[in-house]
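The sequence and the structure come first.

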Amino acid sequence: MFQFDGLAVLLLLLLGHVIGDFFLQPNTWVKDKNTHQGRSRSLYYHGLVHGAIVLAIVSFATATSLLGSLFIGLLFAVIHSLIDYTKVKVGQGFLWFIIDQLLHALSILFLWFYLFDSAIEQLKTLINDIDYNAALLIALAYLMMLKPASIIIGEILSKWSADLEADVCDSQNKKVQSLPNAGQYLGYLERVLVLTFILNGQYTAVGFVLAAKSIFRMGDLREAHDRKFTEYVMLGSLFSVSIALFTGFIVLKLLS
């Protein structure tokens, strides 16, 4: 059998979870679990798939005996099924999906602790190697790209917003159906991408983001036939990108 170090086994277990949860789980199983919950055979098939993956990793990558690996695999199948059952029983949605994945990751972490006596020390070493000043500065920058930046842009554009909304309300043909809060989340994603590219020195990729947004926006602006609306959109886009650019450059300066 192969012998991997502790961190490699942890990565193998996480890799196995991703494969089992997202590649080896058909959509029919997901629908069946959501519909029949605890009476769903798919729930237990899915748990057994994860148990088999853990069994394979533990038996081939660690010094655990075959009998011990089999016990761990079966136990993990039960744990995974219980977590999934709780999720489909309690509720659906993005928040429950995140909680579900965190619980699975936690169960993998506990298994790793059980398999390796040095696991906690390895984890401490990884944590101690983190530059917390840089990590906190980067985390602050990314948080600023979300709602704070949206509020700043909204305040800057507020003196034009009321005028634009009045014009749109007067013209029924200018009312356009759109997804709720889609524009806000597009702004979040745009600024996060620009900041990420700046922090990694990929300045040409920033141009790609701007070009892609311009292409998709061009149709809306052409159909609107409204100079005010066009100027408003351009101002919002440029302020959004400018905030991300300046934030990125400031962070890079502070980190250097």
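Predicted model: local features only at pLDDT ≥ 70, side-chain atom pairs only at ≥ 80, totals over all residues.

Residues are numbered from 1 along each chain as its sequence is written, and side-chain values use heavy atoms, without hydrogens or water.

A nonpolar patch on the surface, with about 970 Å² of accessible area together, includes Leu 15, Phe 22, Phe 94 and Ile 98. Helix 1 (6-23) and helix 5 (94-115) each supply at least two of its residues; the largest share, five residues, comes from helix 1. Ile 98 lies in helix 5.

Helix 7 (residues 132-144) has 13 residues and reaches 18 Å from first to last C-alpha, close to the 18 Å expected at 1.5 Å a residue.

Six aromatic pairs are counted (ring centres within 6.5 Å; planes under 30 degrees apart are stacked, over 60 edge-to-face, the rest tilted). The pair of Trp 29 and Tyr 45 is tilted, because the centres lie 6.0 Å apart and the planes stand at 45 degrees. This pair links helix 2 (residues 27-36) to helix 3 (residues 41-61), its members being 16 residues apart. Phe 110, Trp 112 and Phe 113 form one aromatic cluster.

Two residues named above are partly exposed (buried is under 20% relative accessible area, exposed over 50%, with a 1.4 Å probe and protein chains only):

| Residue | Relative accessible area |
|---|---|
| Ile 98 | 33% |
| Tyr 45 | 41% |

Note on methods. Patch = residues over 30% accessible without salt bridge, like charges linked within 9 Å, V, L, I, M, F, W, Y side chains within 5 Å. Areas by Shrake-Rupley, 256 points an atom, 1.4 Å probe, with all protein chains shown as cover. Salt bridge = Lys/Arg side-chain N within 4 Å of Asp/Glu carboxyl O. Helix = DSSP H or I, 4+ residues; strand = E, 2+ residues; numbered from the N terminus. Expected span 1.5 Å × (residues − 1).
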